[in-house]
Structures are given as C-alpha cells and as structure tokens.
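Please read the report below alongside the sequence and the 3D view.

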Amino acid sequence: MLDSMGDGGAEDGTLAERAPADPRRWILEAVEHLLGQLPLQKLTVPVILRESGISRATFYAYFPSKEAAVVAVIAQTMDEIHHSAQPWLEDAGPTVADTLRATLEGTSAAWEVHGSVLRSLVENWHAIPELLQIWQGNV
C-alpha cells in the first residue's frame, strides 16, 4: 500500500497514516504505482482498491471507471511534462543552449519518474478514446 509520499512505506497499511485525507490522490498514486507492475489490461478496480486502501464506493465517487483513473494519471503526467517544456516555450534562458538544456533536463526527469505511465499511454492510446485525445494532442 502507498503512503502519502507514494513510495509504499506505510507501516501497517492504515489510512490514518496518510495525511492529509485525499482519497483521489491515493487512487492516482496507486494507479501510477501499479502501472509500473502490471499492464493496463491486468489493472482492475479491486487491485486499485487494495493498493490505495480505499473502498469501492470511494473509488466510484471520484472515478466512473478504471480507465477514467488511468486517464487522470496520464493527463496529470502530461501536464508535468508540459510544465517542464515552459523554458523553451517562453524562451526563458539567457541563451538558446541554456533554454534547451533546462527543457530537456525537466522533460527527462519527468520521463524518469513517470516512465510506466508514459509507457501505458504509448501502448494503449488506440484502445481508450480519452488516451487517443491525449496522444494526438502531444505527438
């Protein structure tokens, strides 16, 4: 089970260990963690519930389906990558080389942290319409 830092370090797995209470964040952390272990096809709502420590009712209060939770994780990751591209988009560095370096370092760091999420996008954009939209908007 994930703790508030998303690293699986919860000692006894209780929700009380995670603060602040943010079940949506717990779901997203669980989905991202699980995408590093399972292909999207094997990811199920019960698996997400077990990993996040939330109830089925709480899950469905935030997301109508597993796919919606996956799309939210991928959209959040793409937002982070777009943010990392801001130096280039805003021509923010003193030189072109500095601007490009900052952009590439930020983008590379995002890929390193979220590689499993991005792999899921690449492997599944054709199967989920919302992922196709994200794919088309970023390729």
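Helices (H or I, at least four residues) and strands (E, at least two) are DSSP runs, numbered from the N terminus. The model is predicted, so local features need pLDDT of at least 70 and side-chain atom pairs count only at pLDDT 80 or more, while totals for chains, interfaces and linings use all residues. Residues are numbered from 1 along each chain as its sequence is written, and side-chain values use heavy atoms, with hydrogens and water left out.

**Whole protein**

The protein has seven helices and zero strands. Of its 139 residues, 37% count as buried; buried means under 20% relative accessible area, exposed means over 50%, and partly exposed lies in between (1.4 Å probe, protein chains only). A contact means heavy atoms within 4.5 Å. Among the contacts with a separation of 6 or more, 52% are between residues 24 or more positions apart.

**Single residues**

Lys 66 is found in helix H4 (residues 66-84). Lys 66 is buried but has no salt bridge, which is a side-chain nitrogen of Lys or Arg within 4 Å of a carboxyl oxygen of Asp or Glu. Its nearest side chain of opposite charge is Glu 67, 4.1 Å away. Here Lys and Arg count as positive and Asp and Glu as negative; His and the chain ends are not counted. Leaving aside residues up to four places away in sequence, Lys 66 touches Leu 40, Gln 41, Leu 43, Thr 44, Val 45, Ile 48 and Phe 59.

Arg 24 belongs to helix H1 (residues 23-35). Arg 24 counts as partly exposed because its relative accessibility is 35%. With residues up to four places away in sequence not counted, Arg 24 touches Tyr 62, Phe 63 and Ala 72.

Ala 61 lies in helix H3 (residues 56-62) and is exposed, with a relative accessible area of 62%. The table gives two C-alpha distances.

| Pair | Apart in sequence | C-alpha to C-alpha |
|---|---|---|
| Arg 24 and Ala 69 | 45 residues | 9.1 Å |
| Ala 61 and Arg 24 | 37 residues | 9.1 Å |

**Helices H6 and H7**

The axes of H6 (residues 96-124) and H7 (residues 129-138) come within 9 Å and cross at roughly 105 degrees. H6 is therefore roughly perpendicular to H7. Angles of 65 to 115 degrees count as roughly perpendicular. Axes are lines fitted to C-alpha atoms, for helices over the stretch in contact, and angles run from 0 to 180 degrees between N-to-C directions.

On the H6 side, Leu 121, Val 122 and Asn 124 meet Leu 131, Ile 134 and Trp 135 of H7.

Note on methods. Angles under 35 degrees count as roughly parallel, over 145 as roughly antiparallel, 65 to 115 as roughly perpendicular and the rest as oblique.
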